[in-house]
Amino acid sequence: MAECVPNRKRIAELMEKEEKRLEAATPKSFELYQRAIKHMPMGVASTYQARDPYPIYFTHGKGPHIWTVEGQEIVDFHNGFGCMVQGHAHPAIVEAIQKRAPLGTQFALPTEDSIIMAEHLAGAFKLPQWRFVNSGSEATMDAIRVARAFTGREPIVKMFGSYHGHHDYVMVSIGALDYGKIGPRDDYASLSYGAGIPQSSIDLTAAVPFNDLENMTKRIERMVAEGNAPACVIMEAAMMNLGVVLPEPGFLEGVRELTKKHGIVLIFDDVKVGICTARGGSVERWGVVPDMITLGKALAGGTPAGAIGGSEEVMEKVNDGTVFQVGTYAGNPLGMAAARASFEKVMTDEAYAHLNHLNDRIIAGCDAVCEKYDFPGYTVGISSKGCVNFALDKITDYESFIKTQDHELVALAWLYNINRGIIIAPGREEEWTLSITHTDEDIDRYISAFEDLVRDVTA
């Protein structure tokens, strides 16, 4: 690794300069913000869309590009936090929606496309039973409920630092505002992620370190010994909200063995990994089959849809009516039509080969920039997903992320990109999601913007 240490004063100066440049270029967004703030907290529909001092508003997208209200064309490496791996307004998905809409958009009654999608997902993810919901958050919420019914237990285990949606039981230990409160690795604290989470929900959720089977085992076996065995372990096979943190060799296999030993339902949250990195998501990529899997985001080509897959044994609790897994919009005809078109016509073998090609190029290009400027950074990526870690040491979990990642550079990178016609995921994620419509020219533009950042920081 390089040993260059970025100059803090220089970073602060660049932050101020780039923010002024962005504000000068986005007067219409500021006007919209002033209008929006009157009736929408922070001026946005979701806190994850907010930005200080104001958000940038957008109008439309096509392929790998989106347009601001100012009319500026932006190369989209954000892609809706990974929803739009198919690219914006893909013709096959638009056609499917246009054909479905005149036939009726909602019945709260079954249609054939949901059956076809369940068949597709069963083959890809090697889990035979499926139900549909409207988002990844709904999928993880219902999966945990099914796991509790199946085991007759209430506690759950998650990875510290991971995000699994916005319902109470998983809005725990996503981050630590006071790092000193995190606790020892074999006994992490359960910390509310924002206000409004009942203490009872927090107390039922235990957090363990990612990529640390030894301390994860200690915590779970202590819970078992105390008569507080968990119903499930819910986790991403690769953490996708600390940039990208890949599983170390043997970790997923060890977790699978540990959960089987103690009768714990293993849930893979594939909301970000699934579809985006392989047709069969984490199961195809790493070969470990969980008891349940959850999907969302990229599943239905930009329409709201999620899915829950499970084994025959676990999903029997839904099949026999023990668990009421319900939702008026579950299996919505528009979402199922879009999902089917995406699965059958868009996310093909050729599409994944293209994503792999693009990701190889962006990784090689950014690594070359780091080497050229002796810059403390390195890349991580799989298929459509990747990031530059502004770090000297390898990031393997939340603790190493907090201690190692240069969070000021993460914020500066977002500004550098948006001012050069590129948008990436904001905040601590600082990751890219490629779409199948991106080109080599788009990759070159990303690498060029990254070199601007590194050159200026190291000057």
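**The cavity and beyond**

Modeller: By class, the residues lining the largest cavity are six nonpolar, one polar and one charged. Keep in mind that this is a predicted model. The lining is made up of Val388, Phe390, Ala413, Asn417, Glu430, Tyr446, Phe450 and Leu453. Glu430 is the charged one among them, and Asn417 is the polar one. Two helices, α15 (407-418) and α16 (440-458), each put at least two residues into that lining. The biggest share comes from α16, with three residues. The space inside is about 40 Å³. The structure holds one cavity of 30 Å³ or more. Such empty space shows up when a probe the size of a water molecule is rolled over the atoms.

Now compare an open space. The second largest pocket holds about 340 Å³. Its lining has 16 residues. Pro110, Ser114, Arg131, Ala330 and Gly331 lie nearest the centre. Helix α5 (112-125) and strand β4 (129-133) are the elements giving two or more residues to this lining. Here the classes are nine nonpolar, six polar and one charged. Arg131 is that charged residue.

Strand β4 turns up again at helix α11. The buried residues of α11 (residues 312-319) are Val314, Met315 and Val318. They share one side of the helix, because they span an arc of only 85° around its axis. The cover over these buried residues includes β4, α6 (136-151), β8 (265-269), β9 (292-295) and β10 (306-310). On the face turned away from the buried side sit Glu313 and Asn319, both exposed. Just after α11 comes glycine 321, with a positive phi of about 85°.

Last, a loop residue. Lysine 394 lies between β12 (385-389) and α14 (398-404). Setting aside neighbours within four places in sequence, lysine 394 is in contact with Glu248, Tyr378 and Ser400. With glutamate 248 there is also a polar contact, side chain to side chain, at 2.8 Å. For a sense of scale, take lysine 394 and proline 102. They are 292 residues apart in sequence. Their C-alpha atoms are 52 Å apart in space.

Notes. Residues numbered from 1 in each chain as written. Predicted model: local features only at pLDDT ≥ 70, side-chain atom pairs only at ≥ 80, totals over all residues. Heavy atoms only, no water. 1 Å grid on protein atoms, 1.4 Å probe; cavity = no way out; pocket = protein on both sides within 12 Å on 5 of 7 lines; lining within 4 Å. Points joined across faces, edges and corners; volume = space filled by probe spheres on them. Helix = DSSP H or I, 4+ residues; strand = E, 2+ residues; numbered from the N terminus. Buried < 20%, exposed > 50% of the residue type's maximum accessible area, 1.4 Å probe, protein only. Arc of directions from axis to C-beta. Contact = heavy atoms within 4.5 Å. Polar contact = N/O pair within 3.5 Å; in protein donor to acceptor, adjacent residues only side chain to side chain.
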